[in-house]
Structure formats: structure tokens, C-alpha cells
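Visitor: Please take a close look at one part of this model, the place where the two chains meet. I would also like to hear about the charged pairs.

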Amino acid sequence: MRVIVTDAEVTMADVLSLRMTVDKPLGDGAELVLRHRGTGIERRVGLEATGQQAGAAEVAVALERLALTPGRWDAYLQQGGPRTRMTSIDPGFSLDRLDAYALRRRELAYRAYRTQTGYLALKIDEARPAADVRAVWFREGRFEVTGLLAYTGFADDDERRRAHMELRHPEDPDVAVSALATVRGVRFHAALSLCDVIAAAPDFEGLWEPLLVVEGLDDPLPLGARIDDVDGRRRRVHYPATTVDGVRIRPCYTADDELRLEVGG
Amino acid sequence: MKICFLVPSAFDMRGDVRAVINLAAELAFRHEVEILSVRRTREKPFFPVPDRVGLRWLIDHRPGKRSLLPRGGMRAEVEVWRALRALRCDALVTTRPALAVQAARHAPKGVVRVAREWTRPAVPNPIRRHYPRLSAVVASTERTREEWRRALDEAVPVHHIPDALPVDPLPRSRLDNRIVSAGGRLVPVKGFDRLVRAFAIVADKRPDWRLRLYGGGSEEKRLRGLVAELGLHNHVFFMGTTPDLPGEFAKASIVAIPSLAETPGMTVIEALGCGVPVLGFEGRRGPEDFITSGRDGVLVPEGEGEIEAYAAAMLALIDDERRRRALAAGALETAAGYAASVVAARWERVLDDLCP
């Protein structure tokens, strides 16, 4: 059986919606098989095709009911004979949809994507409230960062919330530098004086962790960059460094795409 | 028919390697096809070779591999000579003039010898002396065919067949991401510095758009320095190399090709195949051979003020979604001419005519 997925999307309600071209119409026994890469665990779900036309079919699968665990799941279609890995021509990536998907509070974030070899797969990540970084600057002696709040459940409106950004040293969390931040809806902007950082850290060279503390949220939000398809920002994005009082400061990312401020070194 | 492609290395990340693998993969549905790589430079080929295509190599140049024999050109020539003397196939397709000269001199007489050419004839004397012993020359563009025809003075038939897109269906862009992509080896001839400078103007006016550069090479450090100098660290991403460039192009709304010379032009036809408009420069060896400005992409004149003109053309595309979609539709129509089945059928006609 030959199947080509032309449109694959995980909706806001975590329903996998697929449009595909098939050489045989989907019958009663048609199943979507999801296979976890690594462990080989499989989940099967019967498919009820809606809007079947000649050579085309549309299906929708509620993912929450399948108890999928974080990781990557390859998608297969089985009908009668052996299973067929589902070829995809949908790039599986829309920045605006990802931003909209991250508005709701979630424990798991699902994404349908096309593998490098051209097949449909699902990527599932644990989701917790976070501040997603979109831009970073050194301007007028300050470290500035702007971005979007993700998985907080806040609406994308103009409502203002009290917030501040903290810069903590991982070896001594009591040593922190703080500055007011602006949060409107899900957009944030924070700026921190680099002189304050140097003054607070004469003996604390190393990687400082920025956190955004927002009114209405229990825990401080880590700053990172995960709401897109770019993995490994550490290699791909190089922020320029600045020098304050002879101390070099440079923003950088960790291996798991969290933002840090490298002081000294 | 048994067809053998002789390539300098089937393991590298180059457009010509991609083109040969695409063609071999389609021909292998109906013929016995083998790729003979002079060098093996890594464990696995950068672009995957399907199981139905045979793959052999002559010299192991993998990092860490040691050999008592010298690594230079002389050893390669000897190995190619030995391989050609022992060759058992109906048609041999070479992919470099140096290999074509070797094939002309040493391949068995019963074998149809075809030189695949992407660039103009660079070394006229050996070509004039040895190419007449070949069965045919197949150029990748009309312009290249004319150059080879003039160089060979009708001594050998010269055909034009473009490169092929992959056999598997290409991803289709939704044109809804604020991303401009560019891909290829990061070397001076690709002109990525012109693109970065032009994108500085674009980012100033449309700060929510991003430029993604795919590939690696000698220019990367200099380009990263240029990005830092222009303050584009939030806008330009160095995405590294990928064996799935079409998959990445399909995430973009515009593909930028700022090359001074675009040979073999695989990135251009892959962008067209993904339904993404291409923005390039006019010029004898640029993407002009593949793009019709206003139909499937936009070409900007080179020369004084070219950076500003390129940025203006990019901004015009960014601001006009309807035009982008119209160009994307044109791109898909153009790409149909590069489908693997269409291109392979043209190769089969040429080889059938030549085979006794």
C-alpha cells in the first residue's frame, strides 16, 4: 500500500489530523501504528476516514488517549497486509502554529514532523512553563532579552503582569541580580545592568542562569529557546560578547537549549 | 543495461554527488546501476545511496585510515586505470574531465563512454586530444552544451540533459514561515557574504524574518564574523550541514541563491521542487540557467548597488504574499521538467542510441 501524507498537524486539542493520498481506500481494519524510536513500544489506533475521495483520505486521532511517552514515534499505516511507513511531504513546521500551540498549559507537547528521510513522525516533549527567547542584545551597558511565555496558560492579549528577571549563580543560588521585567500577555522584555552583574559577581565567574519571575506563576521560568525546530542552538547561534570593567560577558546556550550568561572565562 | 557512474567521491556533500545519486536511483529501477567512487572519504555517503544502486570505491581516504601507498594523484590515476581496465558494463558515465580523459584512454572499447559536464571546458588541450574517443558529452545546461560544442568542434555529439530531482516526493512548502533559507558549501563562489549584507537591510525593516544558512566550509568563520559585525546574531542562524536540504527549504518562504556561479545548480532545482520562490542574481553562471525571473523566482542585476537591489527584491517578496504564492506555483511547474523519471528517460534515449 502506498501512502503519502500531504498535511499533518497536531491541533490545539492534541488531535493528530492527517490528510493523505492513498492508492487504496481506507477500510474498516485500517490502523495507525506508532512505534517509539529506541524502545520499540507500539501503540495502535483504528482509523475512521472522513471525507474519503478517490485516492485521498482524511483522518483524525486523539493523541492523549494513546498514553504516548516523550520521545520520537514513527508512524505506519496497516491495512490487511504488512504495515507501510507513511511518507510525508508536509514539512511539519509552522512558527505561528507552534507559538499558538504553546499558549495552553500542557504537560506534553506533541508535534508532527517529517524526518530527514521523508517519513511522518511524532516528537513528544515534556512541557513546563518557560520563557522562550526570541532576541538577545547588549545595549547601553545592559543585557536585554525579549521573547514569549510558553505553556503558561496566559492569553495572548495586552494584560500586564508584574515580573522581574533574576540572574542566579548555579553554585550559590543565594547570589542573584534582579531587575524589573515587562510582561504583556505572553510577550516579555527584560533588561539587566551589566555593572550590577559584575558588582554582584566579583568571585563568581562562570555560567549564570537567568530566570523570569512572573506574577501568577508558582515557579520562576527558565529562559530557553525550544518553540521551533532548531535543536542545538549552542552551535548554530553565536551571540557577541561584551567587556565590562575588563570582564568578558557573553550569552550562550546550554546543550539542552537553555540560555546562560557566561561571565569571565 | 549495466550502467556505471565514475565519480571522484560519492561520499561528499556536493551538488554533483546529489545529482548522480538521484539519477542512479531512478535508472536502477530498470537497469543494473553502480556508482564507482575513486575515494571513500567517510564511513557512510553524506547523501544516502539506495540499496538498489551498487556502490564501490577505489581508495580508502577515511580519517584515521593508513596506507603504505602514497595518497596523491598518482595513486588515484593508477587505481582508476586498474578499475577501468577491469570494467564490465555497457555504459560508463564520468563526472569530471580528468576522469573522462582516463575513460577515453583506458576503458574497454565495447563500453559506451559518456562525459557528464557541469562546467565549461577548462583544460582545452587534453579535452581536444582525448574527448573525440568518447561516445558523447552530456551537459547539464544549454549554455554548457554550447560551450562544449564549440570546444569539441563537432568531434563528439554533445547533448543537454538537466540534473534530476530525487525519486521520492519532495516536501511542499506552505509558505507560511517568516524564514529565508540558503544552502550550499560556505565557500567564496557561493556569495553568502552578499546575502548576509542584503539581509541586514531586510532585518532592519522586517525584524521578525530570519535567515537560515545550511552548509559548512572555509567561509563559515568569516561569515560568522560578518554576522556579528552587522549585529545580526538574532536573525542569521548557521544551521550546519544536512543531507535533507529540500526538507529544510520546504520550511522557508523564500530560498536565496546569491552565487557568483551556480554549478551544478542542485540547490536551485531542489528549491523549485519544494515550491519555494528563488531569489538570485543575474549573471552568466548564476541561477539564470534554471530560473525565469517573474515566473518561478526573481533575478536581480549584478553590479553597482547589487546588495541594495537584492534586499529590495527580498523585501518586495516578503511584503507580497500573493506574488510569493504565484511564483511558488511557477516553481512547481518548472520543477516538473527535473523529475527523476523525465530526466532518466532522456538519459535512456541517449544511451540506447549509443549502445550497439
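Guide: What follows goes through the interface, then the salt bridges within the chains, and then one threonine.

This is a predicted model, in which local features need pLDDT of at least 70 and side-chain atom pairs count only at pLDDT 80 or more, while totals for chains, interfaces and linings use all residues. Residues are numbered from 1 along each chain as its sequence is written, chains are lettered from A and ligands numbered from 1 in the order in which they are written, and side-chain values use heavy atoms, with hydrogens and water left out.

The interface comes first. Contact means heavy atoms within 4.5 Å. Chain A brings 30 residues to it and chain B brings 26 residues. About 2400 Å² is buried between chain A and chain B, and carbon and sulfur atoms give 47% of that. Buried area here is the accessible area (1.4 Å probe) that two parts lose on being put together, summed over both. Of the area that chain A buries against chain B, 24% is supplied by Ile89(A), Pro91(A) and Arg236(A), more than by any other three residues.

Five salt bridges are found across the interface of chain A and chain B. A salt bridge is a side-chain nitrogen of Lys or Arg within 4 Å of a carboxyl oxygen of Asp or Glu. One of the five joins chain A to chain B through the side chains of Asp229(A) and Arg212(B), at 2.7 Å from N to O. Between chain A and chain B there are also 15 residue pairs in polar contact, both residues at pLDDT 80 or more. A polar contact is a pair of N or O atoms within 3.5 Å; within protein, one must be able to donate a hydrogen and the other to accept it, and residues adjacent in sequence count only if both atoms are side-chain atoms.

On the side of chain A that touches chain B, at least two residues each come from strand E1 (3-10), helix H1 (95-101), strand E12 (130-139) and helix H3 (233-236) of chain A. Helices (H or I, at least four residues) and strands (E, at least two) are DSSP runs, numbered from the N terminus. E12(A) gives the most to this side, with four residues.

Now the salt bridges within the chains. Over all chains, the count comes to 58 salt bridges. In chain A, Asp125(A) pairs with Lys123(A) in a salt bridge, their closest N and O atoms being 2.8 Å apart. Lys123(A) counts as buried because its relative accessibility is 14%, whereas Asp125(A), at 34%, counts as partly exposed. Buried means under 20% relative accessible area, exposed over 50%, and partly exposed in between (1.4 Å probe, protein chains only).

Arg226(A) and Asp256(A) form another salt bridge, at 4.0 Å from N to O. This pair links distant parts of the chain, 30 residues apart: Arg226(A) is in the loop between strand E18 (221-224) and H3, and Asp256(A) is in the loop between strand E20 (247-253) and strand E21 (259-263) of chain A. Arg226(A) is partly exposed at 42%, and Asp256(A) is partly exposed at 45%. Salt bridges also link Glu31(A), Arg35(A), Glu42(A), Arg44(A) and Arg83(A) in a network.

Last, Thr141(B) lies in the loop between strand E6 (136-139) and helix H5 (142-152) of chain B. Thr141(B) counts as buried because its relative accessibility is 7%. Its side chain makes a polar contact with the side chain of Thr144(B), at 2.5 Å. Leaving aside neighbours within four places in sequence, Thr141(B) is in contact with His160(B), Asp289(B) and Phe290(B).
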